[in-house]
Amino acid sequence: MRFLILIILSFAVMPVAGQENYGTLHAERVFLHTDRNTYIAGEYLFYKMYLQGNPEKTSRYAYLLIRDQNNSVVTHIRMEISNHVSFGHILLSDTLSSGYYQVLCYTNLMRNYEENIFTMEIAIANRFDENLIPFTEPAGKTDADKTEQASSVHKSEKENIHIKPERQVYNSRDKIVFSVEPDSPLSGTIESLSVSVSEIIPGIPDDPFVSDYFDGERLSSSKSDTEENRLNHYPEYNRSVLQGKVMTGTTSVAAGKKGRSSPVKTSEKYTVLLSSADSAANLLYSFTDSLGSFCFNLDPYYEGKDVIIKLREKADASIIIDNKTSISRPFIPSLRFSVPGIKEYLIRCGQIAQVHRFYNYRITMDTLNTFVSAKIIPRIYYKHYQTILPSDFVELNDFTEISREIVPGFKVRKTRDRFVSGYSNIQYKADPDAEPAIFLDGVPIDDVNQIIHFSTMDIKSIETVSAIRVYGEMTFPGILSVISSNKAVDNIEFTAPAVRFTTLSSQCFTRPEPFTPASLNRNFPDLRQVLLWEPDLRPDNNTITVIECFASDLRGLYRIDIQGITTDGFPLHGSAVISIRPE
Amino acid sequence: MSMKIRNITLIVLFQVFISGICNGQAIIKNSTGNNAGSGPYISGELITSSSFQPDIVTYFNREWLPGDIILTEGGILRNKMIRYNSLLDELFCLEPESGRIIKPDKEAIVKFHFYNYYGDTAVYFKKLRINEDVSTDSVDAFVQQLYDGKLSLYIRRSLYLDHKEVVRVNNNYYLKDIYKVEPVFYLKHPVKGIYAFKALSRKSILALLPEKDDQIRKYFREAPKYRIKSEDDLIKLMGILDSGN
C-alpha cells in the first residue's frame, strides 16, 4: 500500500519538463445581434458583436461568416474588437438564392471548441424567386395556431432592460419615442447597447438573446497550460494568426487530393517564408515543428494583402494554409421559418425591395472607425549599398550580362545546367555553397535562375547589399533586390513549395445613418421594415435614455429589441412591442 | 531493506523515463506557438573576424551589457547584449550563444537603452536628426537622453582622433590612436526645434531659452551654488524649466 502511495506521490510532484507556462487561457464566447432575421438578397445585414472572455486579455479579431444549406461560405468578414464589441454591416449578394442561411461568429480561439461558436439562422429570399421552394409552409395550421406560435410578441423572463414606449400604437410616419433604463441597479456601468426596431414576422420564434449566451455570469471555464498545448487554433490577442502545415509528397491542395500527402516527419524541419509584393524586400519567417505545423503572428503590414508563403528549402512537399472559415460542424436548418404565411411575407419583402430600387432608396452608411493596415514595412534590410537603374544603361539581354556590366561585385556563372550567383567581396567569408538572397518585387525567390532571362527592359531597379546579412535567426551571404517593370513576381513559378494567399483585413465600424423624414420625398412611399438600427448606444451613468425614430408606412407589429453588456461583461436585454396603423 | 532500495531505484528510473517522454511531447505540442514567426527581427550586418573591429576605447560601454532596442517598425528587441560605439555612432549586438557580432541597421533603430549601465538604470539613447555642420546635410545620430519632458536634453559624446602616441608593448613599438571626447548638447524645444550647444554656461542657456529668462535668473539667484558644472546640474535645471511650462 505504501509503495502504491509512493508511486502516486511521485507522479504528483513530478515536474513536466520542457513545458512553457503560457498562463491561463480563458474561454471566449460571442453573441451577435442583427437588425432582423429575414433579408432579401442584395440588402445589408447590420450586426453588433459582443465578446465575453478574460477582461484583461481577449481576442482582438472575430470572424463572421454566412453559409448556405450546402455548408458553402457565401460571405465572410473579419471584425476588429474594441472594448469587447464590434459592429458594422455585411452585404448579402443579390445573386444569393432563396433559402436558409447560417450566420456564424467566433474568434480563432473558439474554433478549438466549435460547440461554443455562435450560430444563428436567417432566411434570405431572392426577389426574382416567386416560388420560394425552400420555405415550406406546414399544412393544416389554422389562424389560431399562428397566434399561438407568435411567441415573438412575448417578453423574455431574462429581460433586465426596461423599455417604455411613449404609446403603444403609432400612425404611419409618426415620431416614435421610447425610454430605456435598467430594471435594477447594475454592478457595472453599461458598456454598450444595440437597438433594433424592426417588423415582427408572426409565428417565428424569438432570436437568441445575449443573456442566453452569456448567462449572466462571467465565463469561469478556463483552459490551463496543458489544455492550451492541445489547441489547434491559436488565440489572436494582438496580431492576426496565420497557421499552416507542410505536407510531404506532391499534392494538389486546390484539387483537394490529400490522399498521397502526409505531415512532415519528425526529422524534417523547414523554414517558412512569408512576404508580399512591394518595392521593399520584406520578410517574416517561421519554422515548422515536428508535426510540420507553422504559425505566423502576422505583422499588421500584411493585413489585407496578397502574400506569398514558401519554403526556403527545396522539398517535395506542399503547404496547406489553415482556412479560418472552415467549420466542421454542418449546418442543419431548423426550419424555424417554416411558418404559415412565410412565403407571402417574403414575397412582400421582395416587392418592397423592388420599390426601394425603383425610388432609388439607399441606406447611407456612417463610418465611425476604420482599421487600416500599418504602413511600416518589415524590411529585411534598411541600408543598401548601391541602387542601379538599368534604364541609365544600354540595353542588356539577360541577367548574366546585367550582372557583369552594371552590378558591381555581383557575379553570375553557369555551373552545368544552372546559374549560380554570389558577391565576390564576401565569397571567402560565407559558406561557399550559399547564394545571396534574391528578392523580386520584395518577395524572396528561389535563386538567380528565375530572373536569368530578365533584360534591362524588364527591370526597374536593382539594389545590392554586398555584406553578410543577419535577419533574426537567418543569415544571408548578401542580398540582391530586383524590382521589375511589370510586377514579374506574379508570374514566377517557384521550385520550392509555395502558395499565394490573401489575408483578411478588419471591417470598418459602420452604422446606417438614422432616418429622418426630411431625407425622403414626401410623395415617395416609406416602406422601411427596420425603423431603427443603432449599434453602439452608450448611455451616461446607467441613466434613462430616450430614443427616437420614425414609423414607416407599413402597418404591423414592430419589436424594439435591445441587447448589450456592462463593463463587467454582464448581459443586458430588453424588448417591447409597438404597432403601426395606417392614418 | 535491499527490497526497499530496489523499489525506490525503480521508481526513480521510471520517473526519469516518463519525464523524458513528457518532455518530448511538450516540445512537439508547444513548438508551433513558440516558433510563431512574428518578429521583430534584428536586421543588420554580420561582423566577421576579418571585418573592421573598432578600438575598444571608442565604445561607450566597453563590456557587453543587456538592453532593449526599440525598432522603427514598432517592435522591441528585449534583453540583447549591446555595445555602443561613439566614434562610429553605431550600435553592436552580440549573440551570446553563437558569439556572433551584428551591427544592426541604424535606420531600423529608434532608440535603445541599457538595463544597468554601471549602476545607472536610466541610460537611454535616441536617434535624432541633427545638423553637425552648417556645410553638411542633417544626419541621424544616436544621442544620449539626459532629460525627457516638454523640453528634452540630449548629449552626443562625439569622439575624434586627437593624436597618435608611440607605445611600447612587448618590445614592439606601435602607434596608438588617442581619442578625445567632445560632447555636444542638444536641447529639443517643443516649438522651436533642436538647438545644439557645446558650452554649459548660464549665458548659453539664456540665449537658447530667452522666454525662460526669469526662471533661469531666479534659479541662479536663489541657488548660487547651483552652477552648471556637470550634466547633473543641467538635468536639474531642465527639470525646473520644464515644470514651469
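This is a predicted model: local features need pLDDT of at least 70, side-chain atom pairs count only at pLDDT 80 or more; totals for chains, interfaces and linings use all residues.
User: What share of chain B is buried?

Analyst: A residue is buried under 20% relative accessible area, exposed over 50% and partly exposed in between (1.4 Å probe, protein chains only). Of the 245 residues in chain B, 42% are buried.

User: Which secondary-structure elements does chain B have?

Analyst: Helices (H or I, at least four residues) and strands (E, at least two) are DSSP runs numbered from the N terminus. Chain B has four helices and 11 strands.

User: Where is H189(B) found, and is H189(B) buried or exposed?

Analyst: H189(B) belongs to strand β10, residues 172-189. Its relative accessible area is 11%, and therefore H189(B) is classed as buried.

User: Which residues does H189(B) touch?

Analyst: Contact means heavy atoms within 4.5 Å. Leaving aside residues up to four places away in sequence, H189(B) touches L151(B), Y195(B), L209(B) and E211(B). A polar atom of the H189(B) side chain also lies 3.1 Å from the backbone nitrogen of V191(B).

User: How is chain B divided into domains?

Analyst: Domain bounds come from an automatic or database domain assignment. For chain B they give domain 1 (3-198) and domain 2 (200-245). The contact between them takes 15 residues from domain 1 and 16 residues from domain 2.

User: How much area is buried between domain 1 and domain 2 of chain B?

Analyst: Buried area is the accessible area (1.4 Å probe) that two parts lose on being put together, summed over both. Here the value is about 1,400 Å², with carbon and sulfur atoms giving 70%. In domain 1, Y147(B), L151(B) and F197(B) lose the most area to domain 2, together 37% of what that side buries.

User: How many salt bridges does the rule find across this interface?

Analyst: A salt bridge is a side-chain nitrogen of Lys or Arg within 4 Å of a carboxyl oxygen of Asp or Glu. The rule finds one across the interface of domain 1 and domain 2 of chain B. K192(B) forms a salt bridge with E211(B), their closest N and O atoms being 2.9 Å apart.

Technical notes: Residues are numbered from 1 along each chain as its sequence is written. Chains are lettered from A and ligands numbered from 1 in the order in which they are written. Side-chain values use heavy atoms; hydrogens and water are left out. A polar contact is a pair of N or O atoms within 3.5 Å; within protein, one must be able to donate a hydrogen and the other to accept it, and residues adjacent in sequence count only if both atoms are side-chain atoms.
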